[in-house]
Amino acid sequence: MTDRIAVVTVTYSPGEHLAAFLAGIDAATTREVDVVIADNGSTDGAPEAAAEDAANVTLVYSGGNIGYGAAVNRAVAQVDPDIEFVLIANPDIRLTSGCVDELIAVAQRWPRAGAVGPLIREPDGSVYSSARELPDLVAGTGHALLGRVWSTNPWTLRYRREAEEIVERSAGWLSGSCLLVRRVAFDSVNGFDSRYFMFMEDVDLGDRLARAGWLNVYGPSAEVVHHQGHSQKRYPELMLPAHHEGVLRYQSDRHPKRRHAPLRWAMSAALDVRSRLVTAAAVRDAKNPHS
């Protein structure tokens with residue numbers, strides 16, 4: 001295996017975020033880096049400018065907005081198979097000094113780690129709960145219904161695990177916004193499930209890695225900052241329905257039998273209503289940001 005690593009990111013008119021993300025890579029690792037950008041239909045020229053500015057950047061066009069997981073898979077397919085570790089990150093992630101090397105160190109401490117996630121901070125310095133339990137029906141429903149209005153409800157606390165001490169540990173799943181994967185583990189489960197357009201593809205990946213015998217490891221000794229939500233705020237009519245569709249797909253895949261049909265119908269109806277309500281509210285807020 002080579003000591004080089006790969007960094008993969010997906011773009012959709014990322015604006016200034018992409019240049020800032022790429023500029024932070026040199027300080028994040030001492031290793032030689034190959035960068036692959038999978039572009040899902042940008043119109044701002046940022047991916048092309050990045051590829052022209054650096055010899056180690058490869059730009060791959062997906063042919064349209066095919067979704068996050070599918071685009072990541074196409075990018076990873078371009079990575080030299082001798083590269084052991086691949087960092088998958090959104091372009092609105094800010095890498096901190098040495099964070100990628102620290103993620104690799106965590107992976108080396110956990111030989112069965114298929115994925116390692118850093119501590120993710122919001123721009124205001126608060127910690128985002130990026131290493132969670134897999135959502136079963138009870139916890140997932142309780143969190144979905146009450147998480148916004150009663151953040152300390154027992155289902156949300158169990159699912160998010162944010163009340164726990166911040167330590168290196170295994171988790172059910174890790175945020176796909178910044179994730180170091182061991183290439184052999186990622187390939188062993190055929191990467192992300194491309195049926196997920198955006199959202200829940202990281203939950204599904206964590207579950208399938210665990211079922212294949214790999215661990216999802218939270219490594220808070222590595223930190224990044226995520227300016228998350230820039231795409232969701234710009235395109236709520238696209239992102240929010242995709243989130244609800246992802247939730248339905250995830251639970252439906254895990255309750256596929258004929259006797260589960262009434263449950264799938266009920267979930268579909270409830271999620272459709274919730275999706276319409278939150279999307280309408282988000283679109284209204286986007287049009288009237290100061291109201």
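Student: What makes the pairing of the Arg132 and Tyr128 side chains a polar contact?

Tutor: In this predicted model, the side chains of Arg132 and Tyr128 make a polar contact at 3.3 Å. The cut-off for a pair of N or O atoms is 3.5 Å, and 3.3 Å is within it, so the term applies.

Student: Why is Arg132 called buried?

Tutor: Arg132 has a relative accessible area of 6%. Buried means under 20%, so Arg132 qualifies. Arg132 is found in strand S8, residues 131-132.

Student: How do you know that Cys99 and Cys178 form no disulfide?

Tutor: The sulfur of Cys99 is 6.4 Å from that of Cys178, its closest cysteine sulfur. A disulfide needs the two sulfur atoms within 2.5 Å, so this pair is too far apart for a bond. Cys178 is likewise in no disulfide, the sulfur of Cys99 being the nearest cysteine sulfur. A search of the whole structure finds zero disulfides.

Student: Are Cys99 and Cys178 buried or exposed?

Tutor: Cys99 has a relative accessible area of 2%, and Cys178 has 1%. Buried means under 20%, so Cys99 is buried, and so is Cys178.

Student: What makes the pair Asp34 and Arg4 a salt bridge?

Tutor: The N to O distance between the side chains of Asp34 and Arg4 is 2.8 Å. The limit is 4 Å, so the pair counts as a salt bridge. Asp34 lies in strand S2 and Arg4 in the segment before strand S1, so the pair ties together parts 30 residues apart in sequence. The whole structure has 16 salt bridges.

Student: Which residues meet Arg195 in salt bridges?

Tutor: Arg195 meets Asp193 at 2.7 Å, N to O, and Asp253 at 2.5 Å, N to O. The Asp253 pair links distant parts of the chain, 58 residues apart: Asp253 is in helix H11, and Arg195 is in the loop between helix H8 and helix H9.

Student: Why is Asp193 called buried, whereas Arg195 is called partly exposed?

Tutor: Asp193 has a relative accessible area of 16%, under the 20% cut-off, so Asp193 is buried. Arg195 has 42%, which lies between 20% and 50%, so Arg195 is partly exposed. Asp253, with 31%, is also partly exposed.

Student: Why is Ala282 called partly exposed?

Tutor: The relative accessible area of Ala282 is 22%. Buried would require under 20% and exposed over 50%, so Ala282 is partly exposed. Ala282 is found in helix H12, residues 261-287, and touches Pro236 and Leu240, not counting residues up to four places away in sequence.

Technical notes:
Residues are numbered from 1 along each chain as its sequence is written. This is a predicted model: local features need pLDDT of at least 70, side-chain atom pairs count only at pLDDT 80 or more; totals for chains, interfaces and linings use all residues. Side-chain values use heavy atoms; hydrogens and water are left out. Buried means under 20% relative accessible area, exposed over 50%, partly exposed in between (1.4 Å probe, protein chains only). Helices (H or I, at least four residues) and strands (E, at least two) are DSSP runs, numbered from the N terminus. A polar contact is a pair of N or O atoms within 3.5 Å; within protein, one must be able to donate a hydrogen and the other to accept it, and residues adjacent in sequence count only if both atoms are side-chain atoms. Contact means heavy atoms within 4.5 Å.
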